[in-house]
Amino acid sequence: MQAASRQVTKQTVSSVQSRYQVACRVQMLGSFFWDNPDVLMGKLKKAESKLMEYAKTFGDRASDDNSLQMTTHDTPIPSKALPFNRENVLTNDLSIHSLRVTTTTTTEDENANANADADANADANANANAHNISSISKKHPTPLVILHGYMNGALYFYRNVVGLSNYFQTVYSLDTPGCGLSSRNPGLLSHVDKTVEATEAFFVESLEAWRKANDVDKMILAGHSMGGYISIAYCEKYPERVEQLVLLSPVGVPKEDEEKTKAFVNRMSWTRRSVVNSVRYLFEFGVTPAGFSRRLPSARSRSMIESYVQGRLPVITDPLEQQSVIDYLYYLAMVPGFGEDMLSRILTSTANARKPTVDRIPKLGVKKVSFLYGDRDWMDIQGGISVYEQCKLQGNENGPDIEVYQLQDAGHLLMVDNWRGMNAGVVAMCGGISTLSPHYPMPLLVRSTLVSSPSLSSSSSSS
């Protein structure tokens, strides 16, 4: 029976290989008829602009508030700053695309007048009034810099950036190199050694070059998923540039339990197991989700992304907003770029890090590391708890303080699922809990090495 199962698995893998090769040929033929990368980048830019308009509606700000400034920038990244394995790889510098959000502060008299006007128009602005934190007269001076997750972009935080700018003087959301509207340069990572360390260094040095070019002396660095992993690597190299590290459902924290993984796969039917083995093969072969979707007919690729958004993000109920998110994710995937090629270099086919960060975070030279997970998160909160336990056990006097929070009504995409709750968590983690409206949904404090930590919820407890 086992021999037969292995034979079926081999046949399935072989079939997947053949279909993938055919799909590659189809893509080569289709490229003569489909949009070229420049056209696709133009469409991605339009999709970004739509989400920027939606961003203005998610900041809990008065409708007549004109203090918001939202701009995009393309920062040159010198090729000489990047760890290529040979010289003269690029003839032109790369660029990192970013969104910058700032709001002007108001005086106490203006705040009083604004609050009076808000009370007078309570019926028209009930929702904004209930959650308003825009009347903060003194904001956090350290910029908040956000790194997105795998196959995402800066505007995936369209529901967050304006609300966060109510507390932080400046909020940046970056497109990782090779992603979004940053330089794409397909295949560029082939000129970087395939080691985990070299791959990390490429993205770390890119971020450092961006920091220098934008005169950011110190930042609060927040990373979601793969962005969290890159943020950790950055803090290892440049801890003096990070005031605080905020990890939003970060990938790659725990070590893989190989026996547990093996037992899980063995419990599958041979059909499902053969599919899993096929996916693992394609992963190790270097096939990325975006690369696979580009090898499908465009209608099929768009349908897959539509199903993804409808299934994973049911909280988006406005059809026009939903379509804007679908367009954004679709064009993010359709434009070839080297950023997606980091996946198999950093993670295994089981989505575990080749170089887990659970033992790396306690050694960071930053003062504080805060974790935030969703209560329906497929990223295991135990990763953050393990970091806390390790720091607590070793009496981490020279390491960072650790806080672990959990956000209700949120999965891995907590910035969309429960955007107010994520905003509240980030603001509270960074010392702004007193500025938050009591109407904001507060994450639960699960673990903390701090002697006196702000209680984010009366129901905070260990789990």
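# Briefing on a predicted protein model

Seven bridges join strand S7 to strand S8, and the two strands run parallel. They belong to a predicted model of a protein chain with 16 helices and nine strands. The chain has 463 residues, and 53% of them count as buried.

**The chain as a whole**

- Among contacts with a separation of 6 or more, 79% are between residues 24 or more positions apart.
- The protein chain has an accessible surface of about 21300 Å², and carbon and sulfur atoms make up 51% of that surface.
- The count of disulfides is zero.
- A disulfide is a covalent bond that links the sulfur atoms of two cysteines.
- Cys235 is buried, with a relative accessible area of 0%.
- Cys430 is also buried, and its relative accessible area is 8%.

**Strand S7 and its partners**

- Strand S7 covers residues 368–374.
- Seven of the seven residues of S7 are buried, so the strand is largely enclosed by the rest of the structure.
- Lys368, Ser370, Leu372 and Gly374 point one way from S7.
- Val369, Phe371 and Tyr373 point the other way, and the residues of both sets are buried.
- Strand S6, residues 242–248, pairs with S7 in the parallel sense over four bridges.
- In the pairing of these strands, Val246 stands opposite Ser370 of S7.
- With S8, the number of bridges is seven, again in a parallel arrangement.
- Phe371 has Val404 in S8 as its bridge partner.

**Helix H14**

- Helix H14 runs over residues 382–393 and has 12 residues.
- From its first C-alpha to its last, H14 reaches 16 Å, close to the 16 Å expected at 1.5 Å a residue.
- Its buried residues are Gly383, Gly384, Ile385, Val387, Tyr388 and Cys391.
- In an α-helix there are 3.6 residues a turn, so residues three or four places apart point the same way.
- Gly395 follows H14 and has a positive phi, near 55 degrees.

**Helix H6**

- Helix H6 spans residues 196–213 and has 18 residues.
- At 1.5 Å a residue, H6 should span 26 Å, and its end C-alpha atoms are 26 Å apart, which agrees.
- H6 is mostly covered, with 14 of its 18 residues buried.
- Asp215 follows H6 and has a positive phi, near 55 degrees.

**Thr75 in strand S1**

- Thr75 lies in strand S1, which covers residues 68–77.
- With a relative accessible area of 5%, Thr75 is under the 20% limit and is therefore buried.
- The side chains of Thr75 and Asn214 are joined by a polar contact of 3.2 Å.
- Leaving aside residues up to four places away in sequence, Thr75 touches Leu94, Ser95, Ile96, Trp210, Ala213 and Asn214.

**Ser301 in helix H11**

- Ser301 is found in helix H11, residues 298–312.
- Ser301 counts as buried, at 1% relative accessibility.
- A polar atom of the Ser301 side chain lies 2.4 Å from the backbone oxygen of Ser293.
- Beyond residues up to four places away in sequence, Ser301 touches Ser293, Arg294, Leu296, Tyr330 and Met334.

**Loop residues with positive phi**

- Ala351 is not a glycine, yet it has a positive phi of about 65 degrees.
- Ala351 is in the loop between helix H13 (343–346) and strand S7.
- Its relative accessible area is 30%, and Ala351 is partly exposed.
- Asp409 is not a glycine either, and its phi is positive at about 55 degrees.
- The loop that holds Asp409 lies between S8 and helix H15 (414–417).
- Asp409 has 54% relative accessibility, which is over the 50% limit, so this residue counts as exposed.

Note on methods:
Residues numbered from 1 in each chain as written. Predicted model: local features only at pLDDT ≥ 70, side-chain atom pairs only at ≥ 80, totals over all residues. Heavy atoms only, no water. Expected span 1.5 Å × (residues − 1). Buried < 20%, exposed > 50% of the residue type's maximum accessible area, 1.4 Å probe, protein only. Contact = heavy atoms within 4.5 Å. Areas by Shrake-Rupley, 256 points an atom, 1.4 Å probe, with all protein chains shown as cover. Pairing = 2+ DSSP bridges. Polar contact = N/O pair within 3.5 Å; in protein donor to acceptor, adjacent residues only side chain to side chain. Disulfide = S-S within 2.5 Å.
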